Amino acid sequence: MGARMAAIYKGSKHRDLAKVFMSYLTSDEYNQCVMRDVDSIPPIPKYTDSAQPQFSDAYLKPANYPWEWVSHQGFGWAVRHIGVSDTWSPFLLPSEAGRIENLWLESFMNDRCTAEQAAAGMQKEINQALDDNMRRHPELRERYDKAVALQQRINA
């Protein structure tokens, strides 16, 4: 499952207009449009939460498509409870990271390792691939080190 993300660039010349647009992306109007016209999962969680039927029934129980109710309810639950969006790094090709992630995910799914072993193996191999890539592309090193330092501050 993929997700669309939006953010306001801190150097934007039109931050006020960007904020208006971001407000629209969280509005009832936009969420209803996504459910009705795009036939997709709305971005705001309350629109997939069965405990809030005044918002969620349009997605979970679309009046014109009762045969979709079960799948919408399943996807709505999954997005709220176990959904993880794709990620990418400017320091490693997405295909390389994806290969590593898929290898360990499939190993776990086929009972070849535990979830903990898969997570540890994935982390070790992705870190090794990042290190290898930094050696092959030293022009990325300074930017990478700054990003790692920033993440360490965020984690702290």
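First, the ground rules. This is a predicted model, where local features need pLDDT of at least 70, side-chain atom pairs count only at pLDDT 80 or more, and totals for chains, interfaces and linings use all residues. Residues are numbered from 1 along each chain as its sequence is written, and side-chain values use heavy atoms, with hydrogens and water left out.

Now the fold. How many helices and strands does the protein have? There are 7 helices and 0 strands. Helices here are DSSP runs of H or I with at least four residues, strands are runs of E with at least two, and numbering starts at the N terminus. The pattern along the sequence reads α-α-α-α-α-α-α.

Next, the overall dimensions. The radius of gyration is 20 Å, well over the 15 Å that the globule rule gives for 156 residues, so the protein is more spread out than a compact globule. That radius is taken over C-alpha atoms, and the globule rule is 2.2 Å times the number of residues to the power 0.38. Along the principal axes, the C-alpha atoms fill a box of roughly 55 × 50 × 30 Å.

Tyr 24 and Asp 132 are 108 residues apart along the chain, and their C-alpha atoms are separated by 43 Å. Phe 21 and Ala 156 are 135 residues apart in sequence, and 32 Å apart from C-alpha to C-alpha.

On to burial. Of the 156 residues, 22% count as buried. Buried means under 20% relative accessible area, exposed means over 50%, and partly exposed is in between, with a 1.4 Å probe and protein chains only. The accessible surface comes to about 11,800 Å² (Shrake-Rupley method, 1.4 Å probe), of which 57% belongs to carbon and sulfur atoms.

Contacts next. Take those with a separation of 6 or more: residues 24 or more positions apart account for 34% of them. Contact means heavy atoms within 4.5 Å.

Now the core. Which residues of the largest nonpolar core touch the most other members? Of its 13 residues, the answer is Phe 91, Leu 92 and Leu 130. A nonpolar core is a set of buried Ala, Val, Leu, Ile, Met, Phe, Trp, Tyr and Cys residues joined through side-chain atoms within 4.5 Å. H5 and H6 are the elements that give two or more residues to this core. H6 gives the most, with 5 residues.

Stay with Phe 91. Leaving aside neighbours within four places in sequence, Phe 91 is in contact with Leu 130, Asn 133, Met 134, Leu 140, Arg 143, Tyr 144 and Ala 147. Asn 133 sits in helix H6. Is Asn 133 buried or exposed? Asn 133 is buried, at a relative accessible area of 10%.

Now the rings. The structure holds 4 aromatic pairs. Rings of Phe, Tyr and Trp (its six-membered ring) pair if their centres lie within 6.5 Å; planes under 30 degrees apart count as stacked, over 60 as edge-to-face and the rest as tilted. Tyr 24 and Tyr 30 are edge-to-face, at 5.3 Å centre to centre and 65° between the planes. Tyr 24 is partly exposed at 31%, whereas Tyr 30 is buried at 13%. Tyr 47 and Phe 55 have centres 5.6 Å apart and planes at 70°, so this pair is edge-to-face too. Tyr 47 is buried at 2%, and Phe 55 is partly exposed at 23%.

Lys 46 lies over the face of Phe 55, 4.0 Å from the ring centre. The rule for a charge over a ring is NZ of Lys or CZ of Arg within 6 Å of the ring centre and within 35 degrees of the ring normal.

Back to helix H1, residues 15-25, which holds Tyr 24. Phe 21 is in helix H1 as well, and is partly exposed at 47%.

Last stop: Asp 111. This residue is in the loop between helix H5 (94-109) and helix H6 (115-136). Asp 111 has a positive phi of about 55°, although it is not a glycine. At 71% relative accessibility, Asp 111 counts as exposed.
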